[in-house]
Amino acid sequence: MPNPVLNERESAFLRTVHQGQIITGTVTEIASFGVTFVDIGGFTAMINIPELSWRPIHHPCDVVAVGQEVTAEILDIDTERGRVSLSLKALQEDPLLDLQKQIGRTITGPITKVAPIGAFVRIEDAAHGFEGLLPASELTGGTAETGDILTVKIVEVDLARRRIALALSGHPTNREPAR
(Lines give C-alpha, C1' and ligand atoms only; values in the text may rest on other atoms or scores of the structure.)
Protein backbone atom coordinates (compact mmCIF):
# COMPACT_ATOMS: atom_id res chain seq x y z
CA MET A 1 0.00 0.00 0.00
CA PRO A 2 1.48 3.41 -0.95
CA ASN A 3 2.41 5.80 1.83
CA PRO A 4 0.04 8.82 1.79
CA VAL A 5 2.78 11.00 3.34
CA LEU A 6 5.19 10.46 0.43
CA ASN A 7 4.91 10.94 -3.30
CA GLU A 8 6.08 8.14 -5.62
CA ARG A 9 9.51 9.73 -6.21
CA GLU A 10 10.14 10.03 -2.44
CA SER A 11 9.00 6.44 -1.84
CA ALA A 12 11.34 5.25 -4.59
CA PHE A 13 14.21 7.23 -3.07
CA LEU A 14 13.66 5.63 0.35
CA ARG A 15 13.98 2.20 -1.25
CA THR A 16 17.49 3.12 -2.49
CA VAL A 17 18.99 4.13 0.87
CA HIS A 18 19.77 2.08 3.97
CA GLN A 19 20.65 2.50 7.63
CA GLY A 20 24.39 3.05 8.11
CA GLN A 21 24.85 4.53 4.63
CA ILE A 22 27.05 7.63 4.34
CA ILE A 23 25.28 10.35 2.39
CA THR A 24 26.01 13.95 1.41
CA GLY A 25 23.41 16.72 1.39
CA THR A 26 22.80 20.42 1.81
CA VAL A 27 21.39 22.06 4.93
CA THR A 28 18.11 23.69 3.84
CA GLU A 29 16.65 24.85 7.15
CA ILE A 30 17.40 25.07 10.85
CA ALA A 31 14.08 24.98 12.68
CA SER A 32 13.42 27.08 15.78
CA PHE A 33 13.02 23.85 17.78
CA GLY A 34 16.59 22.84 16.87
CA VAL A 35 16.15 20.23 14.15
CA THR A 36 18.35 20.65 11.08
CA PHE A 37 16.82 19.73 7.72
CA VAL A 38 19.07 18.43 4.95
CA ASP A 39 18.27 17.87 1.27
CA ILE A 40 19.73 14.47 0.33
CA GLY A 41 19.00 14.22 -3.37
CA GLY A 42 15.48 15.64 -3.43
CA PHE A 43 14.41 14.12 -0.11
CA THR A 44 14.47 16.12 3.13
CA ALA A 45 16.19 14.31 6.02
CA MET A 46 16.70 15.62 9.54
CA ILE A 47 19.44 15.82 12.14
CA ASN A 48 18.43 16.21 15.79
CA ILE A 49 20.68 18.34 18.04
CA PRO A 50 22.32 15.39 19.87
CA GLU A 51 23.49 13.98 16.51
CA LEU A 52 25.21 17.18 15.36
CA SER A 53 28.28 17.02 17.60
CA TRP A 54 29.94 15.13 20.43
CA ARG A 55 30.58 18.48 22.05
CA PRO A 56 27.99 20.41 24.03
CA ILE A 57 26.21 22.91 21.77
CA HIS A 58 23.39 25.34 22.41
CA HIS A 59 21.94 25.59 18.90
CA PRO A 60 22.51 23.86 15.55
CA CYS A 61 23.98 27.14 14.21
CA ASP A 62 26.99 26.34 16.42
CA VAL A 63 27.78 23.48 14.00
CA VAL A 64 26.00 23.99 10.65
CA ALA A 65 24.62 26.78 8.47
CA VAL A 66 21.90 26.90 5.83
CA GLY A 67 23.47 26.18 2.43
CA GLN A 68 26.34 24.17 3.93
CA GLU A 69 27.13 20.78 2.42
CA VAL A 70 27.36 18.04 5.04
CA THR A 71 28.26 14.36 5.03
CA ALA A 72 26.32 12.23 7.50
CA GLU A 73 25.40 8.66 8.35
CA ILE A 74 21.81 7.48 8.00
CA LEU A 75 20.66 6.44 11.47
CA ASP A 76 17.09 5.48 10.73
CA ILE A 77 14.59 5.27 7.88
CA ASP A 78 10.95 5.44 8.91
CA THR A 79 9.00 4.66 5.73
CA GLU A 80 5.63 4.87 7.51
CA ARG A 81 6.19 8.46 8.62
CA GLY A 82 8.40 9.39 5.66
CA ARG A 83 11.43 10.36 7.76
CA VAL A 84 15.14 9.83 7.49
CA SER A 85 17.32 10.62 10.52
CA LEU A 86 20.98 11.50 10.03
CA SER A 87 24.03 11.87 12.28
CA LEU A 88 27.08 14.05 11.76
CA LYS A 89 28.77 12.85 14.94
CA ALA A 90 28.61 9.20 13.86
CA LEU A 91 31.39 10.05 11.38
CA GLN A 92 33.59 11.70 14.01
CA GLU A 93 35.68 10.19 16.76
CA ASP A 94 34.35 10.86 20.23
CA PRO A 95 36.73 13.46 21.76
CA LEU A 96 36.05 12.05 25.22
CA LEU A 97 38.14 9.03 24.17
CA ASP A 98 41.14 11.35 24.01
CA LEU A 99 40.26 12.93 27.36
CA GLN A 100 39.97 9.46 28.89
CA LYS A 101 43.65 8.97 28.03
CA GLN A 102 44.42 12.16 29.97
CA ILE A 103 43.20 11.01 33.39
CA GLY A 104 45.62 12.45 35.94
CA ARG A 105 46.43 15.50 33.79
CA THR A 106 46.35 18.90 35.49
CA ILE A 107 44.46 21.69 33.71
CA THR A 108 43.69 25.31 34.52
CA GLY A 109 40.28 26.62 33.49
CA PRO A 110 37.40 28.92 34.39
CA ILE A 111 34.36 28.00 36.44
CA THR A 112 31.40 28.20 34.06
CA LYS A 113 28.64 27.40 36.54
CA VAL A 114 28.28 26.83 40.28
CA ALA A 115 25.64 24.40 41.56
CA PRO A 116 24.90 22.83 44.95
CA ILE A 117 26.77 19.68 43.84
CA GLY A 118 29.92 21.61 42.90
CA ALA A 119 31.53 23.79 40.24
CA PHE A 120 31.70 23.12 36.52
CA VAL A 121 35.14 23.92 35.14
CA ARG A 122 35.92 24.28 31.42
CA ILE A 123 38.88 21.99 30.78
CA GLU A 124 39.35 22.81 27.09
CA ASP A 125 40.26 26.24 25.79
CA ALA A 126 37.37 26.53 23.32
CA ALA A 127 33.88 28.04 23.30
CA HIS A 128 32.31 24.57 23.16
CA GLY A 129 35.04 22.90 25.20
CA PHE A 130 34.20 20.14 27.62
CA GLU A 131 33.46 20.92 31.23
CA GLY A 132 34.09 18.73 34.22
CA LEU A 133 32.50 18.70 37.65
CA LEU A 134 34.56 19.61 40.68
CA PRO A 135 32.48 18.28 43.62
CA ALA A 136 31.47 20.73 46.34
CA SER A 137 33.47 18.64 48.83
CA GLU A 138 36.65 19.69 46.95
CA LEU A 139 35.88 23.38 47.50
CA THR A 140 36.47 23.27 51.27
CA GLY A 141 37.37 26.52 52.94
CA GLY A 142 36.06 28.85 50.30
CA THR A 143 33.40 29.72 47.85
CA ALA A 144 33.65 29.45 44.14
CA GLU A 145 32.19 31.91 41.66
CA THR A 146 31.58 31.80 37.95
CA GLY A 147 34.70 33.10 36.21
CA ASP A 148 37.13 32.00 38.93
CA ILE A 149 40.13 30.19 37.49
CA LEU A 150 40.96 26.83 39.06
CA THR A 151 43.72 24.28 38.57
CA VAL A 152 42.12 20.86 38.53
CA LYS A 153 43.03 17.28 37.77
CA ILE A 154 40.97 14.95 35.56
CA VAL A 155 40.12 11.97 37.78
CA GLU A 156 37.47 10.17 35.72
CA VAL A 157 35.90 10.25 32.26
CA ASP A 158 32.62 8.35 32.07
CA LEU A 159 31.92 7.75 28.37
CA ALA A 160 28.47 6.22 28.89
CA ARG A 161 27.15 9.06 31.07
CA ARG A 162 29.19 11.75 29.22
CA ARG A 163 30.63 13.06 32.50
CA ILE A 164 34.06 14.26 33.55
CA ALA A 165 35.01 14.19 37.23
CA LEU A 166 37.63 16.60 38.54
CA ALA A 167 39.61 17.10 41.73
CA LEU A 168 41.29 20.24 42.94
CA SER A 169 44.98 20.15 42.15
CA GLY A 170 47.38 21.43 44.79
CA HIS A 171 46.13 23.76 47.50
CA PRO A 172 42.99 25.88 47.68
CA THR A 173 45.28 28.91 47.27
CA ASN A 174 45.55 28.18 43.56
CA ARG A 175 42.17 29.87 43.11
CA GLU A 176 42.27 33.16 41.24
CA PRO A 177 39.34 35.58 41.51
CA ALA A 178 37.34 36.40 38.39
CA ARG A 179 38.51 39.50 36.55
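**Close-up 1. The largest nonpolar core of the predicted model.** This core has 21 residues, of which Ile 40, Val 84 and Leu 86 touch the most other members. Two or more residues each come from helix H1 (8–14) and from strands S1 (22–30), S3 (44–47), S4 (69–78) and S5. A second, separate core has 18 residues, among them Leu 96, Ile 111, Ile 123 and Ile 154.

**Close-up 2. Surroundings of Leu 86.** Neighbours within four places in sequence are left aside here. Leu 86 is in contact with Ile 23, Val 38, Ile 40, Ala 45, Met 46, Ile 47 and Glu 51, and also with Ala 72, Glu 73, Ile 74 and Leu 75.

**Close-up 3. Ser 85 in strand S5.** Strand S5 spans residues 83–87 and contains Ser 85. The relative accessible area of Ser 85 is 17%, which is under 20%, so the residue counts as buried. Apart from neighbours within four places in sequence, Ser 85 is in contact with Met 46, Glu 73, Ile 74, Leu 75 and Asp 76.

**Close-up 4. The aromatic pair Phe 13 and Phe 43.** One aromatic pair is found in a search of the whole structure. The ring centres of Phe 13 and Phe 43 are 5.7 Å apart and the planes are at 15°, so the pair is stacked. Because Phe 13 belongs to helix H1 and Phe 43 to the loop between strand S2 (36–39) and S3, the pair ties together parts 30 residues apart in sequence. Phe 13 is buried, with a relative accessible area of 16%; Phe 43 is buried as well, at 2%.

**Close-up 5. Lys 89 and Trp 54.** Lys 89 lies over the face of Trp 54, 4.4 Å from the ring centre.

Note on methods: Residues are numbered from 1 along each chain as its sequence is written. This is a predicted model: local features need pLDDT of at least 70, side-chain atom pairs count only at pLDDT 80 or more; totals for chains, interfaces and linings use all residues. Side-chain values use heavy atoms; hydrogens and water are left out. Helices (H or I, at least four residues) and strands (E, at least two) are DSSP runs, numbered from the N terminus. Buried means under 20% relative accessible area, exposed over 50%, partly exposed in between (1.4 Å probe, protein chains only). Contact means heavy atoms within 4.5 Å. A nonpolar core is a set of buried Ala, Val, Leu, Ile, Met, Phe, Trp, Tyr and Cys residues joined through side-chain atoms within 4.5 Å. Rings of Phe, Tyr and Trp (its six-membered ring) pair if their centres lie within 6.5 Å; planes under 30 degrees apart count as stacked, over 60 as edge-to-face and the rest as tilted. A charge sits over a ring if NZ of Lys or CZ of Arg is within 6 Å of the ring centre and within 35 degrees of the ring normal.
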